[in-house]
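I am keeping these notes as I look through a structure with two chains open beside me. I write down each thing I looked up, in the order in which I looked.

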Amino acid sequence: MIVLLGIAVLAQLGVVNERGDAGIKNPIYRKSADQVSRAEYVTSFGMYLPKGEFALSAARFLGGLQADAYWLKAAQYISKAFDDPALKTRFLGDLYIAMIDTDPYWSSAAVTAVNAISGVTTQNDQAIQVVDKALKARPEDWRLWYSAMALYLFWPGHKAEAIRFARMGARRPGASVALLDAANTLASEDGNYRLAVDIAKERLQKYGLNSMLGGIAWRDYLEHNSRYLQYQYQGAIDKFHKDKNRFPENLDELVSSGYITNGLAPEPYGLGWIYDSAKGTIISKGLGILDGARMAIIIQTMLHEYSGKYGHMPETLKVLFDNYRFPESEIDGIRYFGNPPKLVPHPVIGNWLYDPNKSPAIELPPDMTMKYIMGVGNKIRDELLMGTVPAFKKPGE
Amino acid sequence: MNTIRRFFDNVSAIAVNSFREGVRDRILYVFIVFAVAVIALGKVIGWVSVGEDIKVVRDIGLAAMGLFGVMIAVFVGSNLIHKEIEQRTIYTVLARPVGRGEFVLGRYFGLLGLVCTLTAAMAVFFTIYQAILVWAGASGLNEAEGGAISLPLIRVQFLIVYQFVMIVALAVFFSTATTPVLSAVFTFVAYVLGHMVNWIYSFSDMMLEKRTPTFFDHFMSWVLKVFYYLVPNLETFDMRLRAVHGLDISNTEFLLALLYGASYSAMVLLGAYLVMNRRRL
């Protein structure tokens with residue numbers, strides 16, 4: 001027994017000598033070209049962490065205290081001002097990775113770690129490591145999926161991953177509604193309406209049609225489905241035009257020519273498709289009403305800002321848009337980010353009914369208002385709940 | 001039937017006597033006081049833990065239970081049999097119709113009862129203390145996972161107490177074979193190595209991962225593998241990481257741990273009996 005113990009101790013001492021700093025990546029002892037010396041680091045921070053894989057393994061009998069030590073050390077790092085900010089960037093992620101290595105079930109700390117790393121440093125790959133390890137240990141914790149989603153959300157070029165994590169996290173028990181809502185927003189912002197439709201259906205299945213959240217999801221489903229179909233059919237028309245150098249006479253010709261397979265899907269709002277054979281454009285009437293109502297709200301707001309600035313209403317809408325400038329202060333109204341809005345015709349009725357002497361100055365017919373189109377959507381939902389219409393189908397079915 | 005009855009009578013008599021003898025040792029109360037202080041002062045560390053108070057308190061409490069429990073086992077167990085031999089008091093016991101195996105078993109159960117009782121007392125204090133902290137809203141930013149008193153936490157405390165079935169068996173074994181100092185060192189080293197077993201196993205594989213492993217590498221790998229199986233695998237009982245977060249331990253894992261502890265201890269006690277049997281007294 002003594003001989004065996006002696007061999008074991010010698011072997012492990014050999015590990016320390018051989019692996020030493022190359023063991024667990026202890027940030028205090030990592031070597032690099034601009035690394036501060038070991039003595040200086042211990043003096044500066046006064047908290048000594050054991051070195052090497054052997055020492056860390058020897059402390060396994062302490063249980064989660066190793067992870068606690070890393071957690072406390074990381075808290076010191078965050079709060080401490082570094083002479084060289086690059087040191088903070090380099091070590092914070094390593095500390096959190098070591099923490100999650102020693103206690104992968106500590107998901108609340110992992111969530112904080114991800115926020116800290118992405119907030120303090122630009123080392124998103126380290127934050128990904130932390131959340132990845134935590135997810136392997138506790139895939140049922142929706143907060144980890146949410147953290148990963150948030151991380152990818154603000155990481156340029158990683159929107160698809162953000163959507164993926166949001167959808168997977170939404171399936172976990174107790175998941176926040178914010179996950180699917182975020183996925184829905186991301187998909188629609190990206191113009192990926194097929195994905196947005198799938199997400200809307202997930203939300204409907206999760207919340208149920210007969211609930212407040214389900215009502216919101218149903219509204220989004222109608223809108224995204226309409227946009228998706230509209231986009232698909234417009235693409236088919238464009239292809240027809242490219243092949244035959246003319247626009248189809250009507251939508252039936254598009255179907256019979258094989259440019260739309262599986263038949264023409266009914267317009268989701270039940271109001272029909274509006275096809276202009278001269279221009280080769282197709283719009284969903286319901287979507288046109290919805291977009292028109294939204295534009296009307298924007299124009300009303302711009303008119304309010306204009307009249308507040310100049311003391312009178314513009315003679316025409318063209319004057320309004322030509323003279324529109326970003327508000328000088330936030331009190332003036334809605335701020336528009338990006339390019340100033342452009343004057344476009346109403347998607348369904350074409351010309352705007354503008355009368356500067358009336359209030360509201362922009363008038364919409366009763367069947368073109370937001371209230372009307374919301375009512376249409378709610379009516380379909382009620383019919384679905386009562387079972388008087390078939391359940392919604394996949395786009396294109 | 002009479003033999004079996006006499007066996008149990010002898011073992012229980014020695015066990016009770018060992019327990020009473022151990023309880024009189026004042027050093028144990030110092031350990032208990034220190035353990036309680038460490039558990040209670042865990043909250044101080046919790047104050048600087050940025051919203052993870054309860055997790056830190058639980059980690060410190062469970063670590064203290066394990067550490068002080070093994071220290072009690074080491075300090076009392078290391079001198080258990082050797083002292084009797086040195087002071088010749090063992091002769092008065094063995095002069096009666098008491099076998100050496102019964103003596104060893106009796107001493108074992110006595111010490112085990114002592115260690116388990118004291119560790120269980122620590123466990124009760126820890127459970128009540130952290131439950132009070134949770135109820136008093138000491139969790140800071142994050143809720144105490146699993147609630148104030150959860151089944152995983154109770155199970156893991158039971159396993160911490162149960163692991164001493166193996167530790168005390170080793171202490172008794174070393175006590176029969178060596179001097180008290182070496183016995184204490186070996187028992188403590190076995191405890192530490194018991195928590196490093198997974199690393200020992202992976203290191204034995206790493207020895208062979210070189211491009212051209214030498215004969216020495218193969219030999220060391222084999223030695224470490226044997227060592228892995230000899231050393232008590234205390235990681236089997238270590239489910240603290242999960243229990244602290246309120247994550248449940250499966251019944252299968254729990255029962256297998258109990259079975260492993262009992263069978264390993266039986267082997268070690270058999271070894272102690274063989275050593276004791278061969279000793280010239």
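**Chain B as a whole**

I began by reading the elements of chain B from the N terminus on, and they run α-α-α-α-α-α-α-α-α-α-α-α-α. I then checked the tally, which gives chain B 13 helices and zero strands. I note here, before going further, that this is a predicted model.

Next I looked up the extent of chain B, and its C-alpha trace spans about 65 × 55 × 35 Å along its principal axes. I also asked what share of the 281 residues of chain B counts as buried, and I found the value to be 47%. For the contacts in chain B between residues at least 6 apart in sequence, I found that 82% join residues at least 24 apart.

**A pair of helices in chain B**

I picked helix α3 (residues 53-77) and helix α9 (residues 180-194) of chain B, whose axes come within 9 Å and cross at roughly 155 degrees. Angles over 145 degrees count as roughly antiparallel, and therefore α3(B) is roughly antiparallel to α9(B). I recorded the crossing of α3(B) with α9(B) as right-handed.

Which residues meet where α3(B) touches α9(B)? From α3(B) I listed B:V70, B:A73, B:V74, B:F75 and B:G77, and these meet B:A184, B:T187, B:F188 and B:Y191 in α9(B). Sorted by class, the residues of this contact are seven nonpolar and two polar, with no charged residue.

**Where the two chains touch**

I turned to the contact between the chains, in which 23 residues of chain A are in contact with 29 residues of chain B. On the side of chain A that touches chain B, the elements that give two or more residues are α1 (2-19), α3 (52-58), α4 (65-79) and α6 (107-120) of chain A. The largest share of that side comes from α1(A), with six residues. I also noted the classes on this side of chain A, which are 16 nonpolar, four polar and three charged residues.

**Helix α10 of chain A**

I then followed α10 of chain A, which covers residues 177-189. This helix has 13 residues and reaches 18 Å from its first C-alpha to its last, close to the 18 Å expected at 1.5 Å a residue. After α10(A) comes A:G191, whose phi is positive, near 80 degrees.

Which residues of α10(A) are buried? I found A:L179, A:L180, A:A182, A:A183, A:N184, A:L186 and A:A187. To read such a list, I reminded myself that an α-helix has 3.6 residues a turn, so residues three or four places apart point the same way. What covers the buried residues of α10(A) includes α8 (142-153), α9 (159-170), α11 (193-207) and α12 (212-244) of chain A.

In the contact itself, A:K159, A:A162, A:I163, A:A166, A:R167, A:G169 and A:A170 of α9(A) meet A:L179, A:L180, A:A182, A:A183, A:L186 and A:A187 of α10(A). By class, this contact of α9(A) with α10(A) has 10 nonpolar, one polar and two charged residues.

**Backbone details in chain A**

Last, I went through some backbone angles in the loops of chain A. Phi of A:N245 is near 60 degrees, a positive value in a residue other than glycine, and A:N245 lies in the loop between α12 and α13 (251-256). Is A:N245 buried or exposed? I found A:N245 to be exposed, with 7 other C-beta atoms within 10 Å.

A:N262 has a positive phi of about 60 degrees although this residue is not a glycine, and A:N262 lies in the loop between α13 and β1 (273-276) of chain A. A:N262 is exposed, with 8 other C-beta atoms within 10 Å. I also looked up how A:N262 stands to A:E305, which is 43 residues apart from it along the chain, and their C-alpha atoms are separated by 49 Å.

I located A:P360 in the loop between β3 (353-354) and β4 (362-363) of chain A.

Key. Residues are numbered from 1 along each chain as its sequence is written. Chains are lettered from A and ligands numbered from 1 in the order in which they are written. This is a predicted model: local features need pLDDT of at least 70, side-chain atom pairs count only at pLDDT 80 or more; totals for chains, interfaces and linings use all residues. Helices (H or I, at least four residues) and strands (E, at least two) are DSSP runs, numbered from the N terminus. The expected span of a helix is 1.5 Å times one less than its number of residues. A residue is buried if 20 or more other C-beta atoms lie within 10 Å of its own, exposed if 12 or fewer, and partly exposed in between; C-beta atoms are placed from the backbone. Two residues are in contact if their C-beta atoms, placed from the backbone, lie within 7 Å. Ala, Val, Leu, Ile, Met, Phe, Trp, Tyr, Cys and Pro count as nonpolar, Asp, Glu, Lys and Arg as charged, and the others, Gly among them, as polar. Axes are lines fitted to C-alpha atoms, for helices over the stretch in contact, and angles run from 0 to 180 degrees between N-to-C directions. Angles under 35 degrees count as roughly parallel, over 145 as roughly antiparallel, 65 to 115 as roughly perpendicular and the rest as oblique. A crossing is left-handed if the near helix is turned anticlockwise from the far one by less than a right angle, and right-handed if clockwise.
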